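Please examine the sequence and the model shown below.

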Amino acid sequence: RRKLRTDVAAAFPNLSTEQLTEFIPNKEELNVIKIYSHKGEAVTVYMNNRNPILFEIEKALYPTVYTLWVYPDLLPAFSTWPPVLQKLAGGADLMLPGVVVPSSGFPQVERGTLCAVTLLGNRAPVAVAVATMSTAEMLAAGMKGKGFAVLHTYTDHLWEYGDKSYPPTLAPLVTDSAEKEEEREGKEPLISFSTDPLQHVGMGDLSLKERDGCAVLMGKEKLDENRAAETAEDANTEVQEEAEDSRTPQEQMDALFNQCFFHALKCKVKKSDLPLLTSTFLRSHMFSCCPAGQQLDIKKSSYKKFSKFLQCMQHQKILQVKELNKGVESIVEVDWKHPDVKAFAVPEGFSSASAAQDSKSEDREQAYHAPEIVPLYGVSTKMIPLFQESGHRKGSILSSSEVRNIIINYVKTNELVDETNKNFVKVNAILCDCLLDKSEQDEISNLKWDDLLSRCLDRLQPLHQVTFFGQEPIVRKGNIEPIDITIAQRSSNKKVTIIKNLELYGLDPQCVANILQQKVQASATITPVPGSKDRVQVQIQGNQVHHLAKMLLEEYQLPRKYIQGLEKAPKLGRKK
């Protein structure tokens, strides 16, 4: 602890003695954990009060955003536009055209200086970055090129190690001059004022609830979206058309998502539908609320991911989303009394009654898109020597074709192909350690190509990537669990068919139960999976494996290898 305090004092000399003692307390619990970045770099993280306060890479100390929210002036700060945050959180570096030039001028920094990145209108840092050029070089370059290499951002995995709190609202030191400069450049100010008294809110007046609602974080685009939603509620259609015409395609897509979201909640979703898979809500409810001639595309909105859109709605206390199964989110609660839901008016061309009626037929007709499932492999500790030549480290994620190419290149580079028989590969020390068991190491000197590749895949960590229709890919550990169909015996020799893991493939268990019930005219129920929280299974009377097989294989186009238990179908034969 004493050494850490000395290192912190050396790294951040502008911290006072009192701040240093407060930062690295004498008695409070201080935890140290080691994690690995996606590039394989070892990162040491220092935790205090369950929040990461520092991280260390190659003996250099860096503060986290949690620390910078307490000491916002610890590092020289550069400001950017709120929409840029999504790009930074996605792994992009900060380019100079995205940096806002304040009228008071930039802080003077040298190349390699550690800096904080803030959003226009809020002094609370949202990223930690290293300057790739000095202030003089930035200005000499005409504010073009890469300005900062980003190390850590709000909403990244390091932030998720903490309590996942939001940046505080800290008044900028040069708010007025920044806003004047923005107006001089002919751009819309961060918060515009209209005749609507509800919109006369200054940045300093924003409450915590409003900040949770993404008003501060998402900045101009999200505020424009909120204005668009309010405009849609206005009876004056001319004003609405003018507002739409003046918006960018991205802002229009945000407004369309807002409209379809509230329309779906008001007319399509019932309390009995909950919990409802987020993929089903988008596919079966929101898509059907889209006006004719328009199409919902999350990638054309400012959210980029449907989960981000729902997260924003959750912050506004409209609904609650939970991960009932690993990697699969569901809507578990909706506040239909929320003012925004109650105030939403169904657009012309839709009626509440017809919308509710159409919902049933459209739910049936809505095409289900089977998810794309790709097996992936992670480099394990034992396999590092074999993959480090190709620049991969522990935890690197590869496809089977990438693994194959790396192994082929390794064999050819090290001239391990057997001269007498090119179907065999000579086993060197690294291949011996990585691929052979101890009992085999003295006996095997050559391996067939197929054996070499299969052994390699077996010794890598299994992962898989699932891509649901219209959503971003999800990478999960291990192999995907198949849809599991079992037959159980009940009293009076009655049988029931039990189906598990439907959610992993984007199928709504309640929807499957309803369809099966109609097809086979038998009672179907949703029950909790024994021994597991938050997981459900479909249970239907009788042996219905034939009907299930037809539905899953033919209607839903799911590959047979992802369905387990189809052999339990009753054998067809003449009744005696």
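Helices (H or I, at least four residues) and strands (E, at least two) are taken as DSSP runs, numbered from the N terminus. On that basis, the secondary structure of the protein chain comes to 21 helices and 23 strands. This is a predicted model, in which local features need pLDDT of at least 70 and side-chain atom pairs count only at pLDDT 80 or more, whereas totals for chains, interfaces and linings use all residues. Residues are numbered from 1 along each chain as its sequence is written, and side-chain values use heavy atoms, with hydrogens and water left out.

Two totals describe the chain as a whole. A residue is called buried under 20% relative accessible area, exposed over 50%, and partly exposed in between (1.4 Å probe, protein chains only). Of the 576 residues in the protein chain, 45% are buried. A contact means heavy atoms within 4.5 Å. Among contacts between residues at least 6 apart in sequence, 58% join residues at least 24 apart.

Two strands are said to pair if DSSP finds at least two bridges between them. Here 4 strands follow the order 1-2-3-4, with antiparallel pairing. Strand 1 (30–36) and strand 4 (60–63) are the edge strands, each pairing on one side only. From one strand to the next, the twist averages 30°. Strand 2 and strand 3 (residues 51–57) run antiparallel and are joined by 5 bridges; one of the residues involved is Val45, whose bridge partner in strand 3 is Phe55. In a regular strand the side chains alternate between the two faces of the sheet. Axes are lines fitted to C-alpha atoms, for helices over the stretch in contact, and angles run from 0 to 180 degrees between N-to-C directions. Helix 1 (residues 2–11) lies across strand 1, strand 2, strand 3 and strand 4, and runs at about 75° to strand 4.

Asn48 belongs to strand 2 (residues 42–48). Is Asn48 buried or exposed? Asn48 counts as buried because its relative accessibility is 9%. Not counting residues up to four places away in sequence, Asn48 touches Phe23, Pro25, Glu28, Glu29, Leu30 and Ile53.

Further along, Asp93 is found in the loop between helix 4 (84–89) and strand 6 (94–95). With a relative accessible area of 27%, Asp93 is partly exposed. Leaving aside neighbours within four places in sequence, Asp93 is in contact with Leu88, Lys146, Phe148, Ala149 and Val150. Asp93 and Leu151 are 58 residues apart along the chain, and their C-alpha atoms are separated by 8.6 Å.

The next topic is a pair of helices. Two packed helices are described by the angle between their axes and the distance between the axes. Helix 11 (residues 249–267) and helix 12 (residues 278–286) pack at an angle of about 90°, with their axes 10 Å apart. The two helices are therefore roughly perpendicular to each other; angles under 35 degrees count as roughly parallel, over 145 as roughly antiparallel, 65 to 115 as roughly perpendicular and the rest as oblique. Helix 11 contributes Phe257, Cys260, Phe261, Ala264 and Leu265 to the contact, and helix 12 contributes Phe281, Leu282, His285 and Met286. By class, this contact has 8 nonpolar, 1 polar and no charged residues, where Ala, Val, Leu, Ile, Met, Phe, Trp, Tyr, Cys and Pro count as nonpolar, Asp, Glu, Lys and Arg as charged, and the others, Gly among them, as polar.

Phe257 lies in helix 11 and is buried, with a relative accessible area of 1%. Beyond four places in sequence, Phe257 touches Leu282, Met286, Leu296, Asp297, Ile298, Phe306 and Phe309. Phe257 and Asp297 are 40 residues apart in sequence and 8.6 Å apart in space, C-alpha to C-alpha.

Cys260 is also buried, at a relative accessible area of 0%. With a disulfide taken as a pair of cysteine sulfur atoms within 2.5 Å, the structure holds 0 disulfides.
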